[in-house]
Amino acid sequence: MRIIGDRLFIDLPGSGEPSPDGRIDGGTAWGTHLTDIAATGLLLGTTSDMETVAMMLDVSKRVADPGVIDAESGRNAWTSAYEQLEHDALVDLNQVRAASLHRAFKANGALAPDGRAETRRLLGLEPVAVDSYEADAALAAAQALDEPNAGEPVEPSIRLPAGVDATSLETLLSEHATEIDRARSKFLHDVTPTITDRR
């Protein structure tokens, strides 16, 4: 596994080697842009970049995206996650009025308690998104108590494919954490509605 340019390549069993220009020579391998990791993590509510990559690998090999769910509105499996992300970003900006107008919905028009969980359900992934604040608090508590293995990468809830080493992946992702954080901030800025009403 390696990063070439702004793409993460993971050599899966029987895969070929990436060439210098990023193409895969022979066999199969999985690659994605670091910006995709940032966006997917926000949309699916994963707790770490490693869990995001594990989920992306899982989605790419076994989950069929249902495509357009409602032809009239154009909703797809990802729509409710985008709606939830917009809502949460507006709440974080203390734009309560605007946030109340940007809510996550299910395909049948009902309010979704958590748009990310609805997207996970539609994609056939684990339905419950773990609260990242709780995960961070648990990690901080473990480090404060100086528990053994507190600083070691935690195996994501979605299993990595055989042959993909969790420690190596965590190290590689941590080396590029700044780029992923920058992409995460840009994605959040791009999906947050512009506030024009200042009353």
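Start at Leu-173. Setting aside neighbours within four places in sequence, Leu-173 is in contact with Leu-8, Ile-37, Asp-49, Met-50, Val-53 and Ile-180. Keep in mind that this is a predicted model.

Which residues have the most contacts inside the largest nonpolar core? They are Leu-8, Ile-10, Ile-37, Val-53, Leu-160, Leu-169 and Leu-173. The core holds 19 residues. Several elements give two or more residues to it: strand 2 (7-10), helix 1, helix 2 (49-62), helix 7 and helix 8 (177-191). Helix 2 supplies the largest share, 5 residues. In general, nonpolar side chains in soluble globular proteins tend to be buried together.

Now turn to helix 1. It covers residues 34-44. Is helix 1 enclosed or open? Of its 11 residues, 9 are buried, so helix 1 is largely enclosed by the rest of the structure. The buried ones are Leu-34, Ile-37, Ala-38, Ala-39, Thr-40, Gly-41, Leu-42, Leu-43 and Leu-44. Ile-37 is one of the residues with the most contacts inside the largest core. After helix 1 comes Gly-45. The phi of Gly-45 is positive, near 65 degrees.

Next, look at Ser-174. This residue sits in helix 7, which runs over residues 166-175. Is Ser-174 buried, partly exposed or exposed? Its relative accessibility is 46%, so Ser-174 counts as partly exposed. Its side chain also reaches back along the chain. A general rule of geometry applies to helices. An α-helix has 3.6 residues a turn, so residues three or four places apart point the same way. Asp-49 is 125 residues away along the chain, yet the two C-alpha atoms are separated by 8.7 Å. Asp-49 is also among the contacts of Leu-173.

Finally, step back to the whole chain. How many helices and strands does the protein chain have? There are 8 helices and 7 strands. The chain has 199 residues, and 38% of them are buried. Among contacts between residues at least 6 apart, 58% join residues at least 24 apart. The accessible surface comes to about 11,300 Å². Carbon and sulfur atoms account for 52% of that surface.

Technical notes
Residues numbered from 1 in each chain as written. Predicted model: local features only at pLDDT ≥ 70, side-chain atom pairs only at ≥ 80, totals over all residues. Heavy atoms only, no water. Helix = DSSP H or I, 4+ residues; strand = E, 2+ residues; numbered from the N terminus. Buried < 20%, exposed > 50% of the residue type's maximum accessible area, 1.4 Å probe, protein only. Contact = heavy atoms within 4.5 Å. Areas by Shrake-Rupley, 256 points an atom, 1.4 Å probe, with all protein chains shown as cover. Core = buried A, V, L, I, M, F, W, Y, C linked by side-chain atoms within 4.5 Å.
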